[in-house]
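Work through the exercises below with the sequence and the model at hand. Each task is followed by a stepwise solution.

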Amino acid sequence: MATVPIPAGTSALLLDIEGTTTPITFVKDILFPYIREHLEDHLSTHWEEDECKQDVHLLKKQIEEDMKQNRACPIHAVDQTVHTDEEKAIREVVDNVLWQMAADRKSTALKQLQGHMWRSAYSSGRIKGEIYQDVIPSIKRWRSQGLKVYIYSSGSVEAQKLLFGYSVEGDVLELFDGHFDTSIGPKVEGKSYERITERIGCRPEEIMFLTDVTREAKAAEEAGMNVLVVVRPGNMELTDEERAQYHLITSFNQLEVTGRA
C-alpha cells in the first residue's frame, strides 16, 4: 500500500464523512431503516411532548408549502388539535415522512424529526456510529504531529456529533477541532471551501480535503485546497479520467506527514 505524503506546510485536514470516515451503507442500511421502523412508535410515545409538537408543526408547514407548489403529497394537512383522532393524525404524519424519505427530500422538517429520533437511538445504544478502523488511529497520529482535524459533511453538525459521540470507538469528539455542514454552503461550490478557510483561519493551501466525491474535490481545489479522493468499498465507481486526475487513497494509513519533527 503506497504512502501518500501530506504536503509540508499543511496545518489542517478537512474530512468528509459518508464514504470517507464512515461506510455509505451505515446511512442507507442503518440510519434510514431505523426511522422507517420506529417512526410510528416514536410519534405515539412523544405526541404530547413539546419537541414532538414542534416537529409535527414544521411538517404541517412543509405540507402546506408543498400543496401551494402543487407538489405531489400523499396526505391532507396535519391538524394536531384533533386529539379524538390521534391515531389518524399520527398515521398522516407517518405517511408524509415516509413519502419524503422515498423521494429523498432534504426538508428542514424531515431532517429535524430524523435528528431527534437518531439522538434517542444513539443515546440508548440502539445505534452506534460506524467508523472505518483506520480512521481513529490515523487522526490521533496526525494530531500528535501538530495537525488540526475538521469535519465537513452534508449531514447537520448535530448529526455529525451524534455519530462521533456515540461511535463504535466510543466518544471521539475530542479528536475534532470543528464541524461544518451545508449551512456554510453546498459541498460542490468553491465558495463553501473559501468560507471554511476563513473560519479555520489559515491559507487554503494549508488545508488538505479528503472526500470520495470528485465534484467536491474539484470545488475544494478551485478554492486552493489540496485534495485526496478516498476509495472505499461501496463508494461510487470512479471513471478512468477521475482516477488519473486525483491522488487516491484506500486507507487513512497511507497518509504520511512530511516536513515535521
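**Exercise 1: the largest pocket**

The largest pocket is lined by 43 residues, and E18, K106, K111, S154 and G155 lie nearest its centre. A pocket is an open set of points on a 1 Å grid over the protein atoms alone where a 1.4 Å probe fits, with protein on both sides within 12 Å along at least five of seven lines; lining residues have an atom within 4 Å of a point. The model is predicted, and local features need pLDDT of at least 70, side-chain atom pairs 80 or more, while totals for chains, interfaces and linings use all residues. Residues are numbered from 1 along each chain, and side-chain values use heavy atoms, without hydrogens and water.

Task: determine which helix supplies the largest share of the lining of the largest pocket.

Solution. Step 1: α1, α4, α6 and α8 (214–222) each supply at least two lining residues; helices are DSSP runs of H or I, at least four residues. Step 2: the largest share, 9 residues, comes from α4.

**Exercise 2: helix α4**

Task: check the span of α4 (residues 108–123).

Solution. Step 1: the expected span is 1.5 Å times one less than the number of residues. Step 2: the 16 residues of α4 should therefore span 22 Å, and the end C-alpha atoms are 22 Å apart, which agrees. Step 3: just after α4, G125 takes a positive phi of about 85 degrees.
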